[in-house]
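Dear colleague,

I am handing over the structure we spoke about, and below it you will find what came out of going through the model. Please read the notes with the coordinates open beside them.

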Amino acid sequence: QLQLVESGGGLVQSGGSLRLSCAASGFPLNYYAVGWFRQAPGKEREGVSCISHSNSNTYYTDSVKGRFTLSRDNAKNTVYLQMNSLKPEDTAVYYCAAGSGYICHTSGYQYWGQGTQVTVSS
């Protein structure tokens, strides 16, 4: 079965940058749509950025457009989320996911990583 492991989270100051990584094993990630989701305490898990298996359709939620970039490295079976100009409101647990969905919503994703904490201080 497909397994996903996130890394790269941590504590940064407002305006800083982080790059999250999601390493896949057990199956090629390029067979799936992939996405990054985040969940803050007391909030619903929301889609941050998602991309189709063919790389033909990419989505970013409005609050991160121009700051975050999703990318794949098929040779490494890894997906990344480059996060720049971080804000305190970006603080959340970030999850990598893979699935069959065509939209950036949890219902379209079947495989999930364990999550990595991102904390942005002001």
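**Aromatic pairs**

The structure, which is a predicted model, holds six aromatic pairs. In one of them, phenylalanine 27 and tyrosine 31, the ring centres are 5.0 Å apart and the planes stand at 85°, so this pair counts as edge-to-face, the class for planes over 60 degrees apart. Phenylalanine 27 has a relative accessible area of 36% and is therefore partly exposed, whereas tyrosine 31, with a relative accessible area of 55%, is exposed.

Another of the pairs is made by phenylalanine 37 and tyrosine 109, whose ring centres lie 5.2 Å apart with the planes at 70°, so that this pair, too, is edge-to-face. It links distant parts of the chain, since phenylalanine 37 belongs to strand S4 (residues 33-39) and tyrosine 109 to strand S10, 72 residues apart. Both phenylalanine 37 and tyrosine 109 are buried.

Which residues form one aromatic cluster? They are Phe27, Tyr31, Tyr32 and Tyr111, so the phenylalanine 27 and tyrosine 31 rings described above at 5.0 Å are found again in this group.

**Disulfides**

Turning to the cysteines, the count comes to two disulfides. The sulfur atoms of cysteine 22 and cysteine 96 are 2.1 Å apart, and these two residues form a disulfide. The torsion about their S-S bond is about -80°, which means that this disulfide is left-handed. Cysteine 22 lies in strand S3 (residues 18-25) and cysteine 96 in strand S9 (residues 92-99), so the pair ties together parts of the chain that are 74 residues apart in sequence. Are these two cysteines buried or exposed? Cysteine 22 has 0% relative accessibility and therefore counts as buried, and cysteine 96, at 1% relative accessibility, counts as buried as well.

The other disulfide is formed by cysteine 50 and cysteine 104, with their sulfur atoms 2.0 Å apart. With 70° about the S-S bond, the link of cysteine 50 and cysteine 104 is right-handed. This pair links distant parts of the chain, 54 residues apart, with cysteine 50 in strand S5 (residues 46-51) and cysteine 104 in the loop between S9 and strand S10 (109-112). Cysteine 50 and cysteine 104 are both buried. When the bonded cysteines of the protein are numbered in sequence order, the pairing reads 1-3, 2-4.

**The sheet with strand S3**

Strand S3, which holds cysteine 22, also takes part in an open sheet of four strands, in the order S1-S3-S8-S7 and with antiparallel pairing. Its edge strands are strand S1 (3-7) and strand S7 (68-73), each of which pairs on one side only, and the twist averages 15° from one strand to the next. S1 and S3 run antiparallel and are joined by five bridges, and valine 5 stands opposite alanine 23 in S3.

Methods
Residues are numbered from 1 along each chain as its sequence is written. This is a predicted model: local features need pLDDT of at least 70, side-chain atom pairs count only at pLDDT 80 or more; totals for chains, interfaces and linings use all residues. Side-chain values use heavy atoms; hydrogens and water are left out. A disulfide is a pair of cysteine sulfur atoms within 2.5 Å. Helices (H or I, at least four residues) and strands (E, at least two) are DSSP runs, numbered from the N terminus. Buried means under 20% relative accessible area, exposed over 50%, partly exposed in between (1.4 Å probe, protein chains only). Rings of Phe, Tyr and Trp (its six-membered ring) pair if their centres lie within 6.5 Å; planes under 30 degrees apart count as stacked, over 60 as edge-to-face and the rest as tilted. Two strands pair if DSSP finds at least two bridges between them. Axes are lines fitted to C-alpha atoms, for helices over the stretch in contact, and angles run from 0 to 180 degrees between N-to-C directions.
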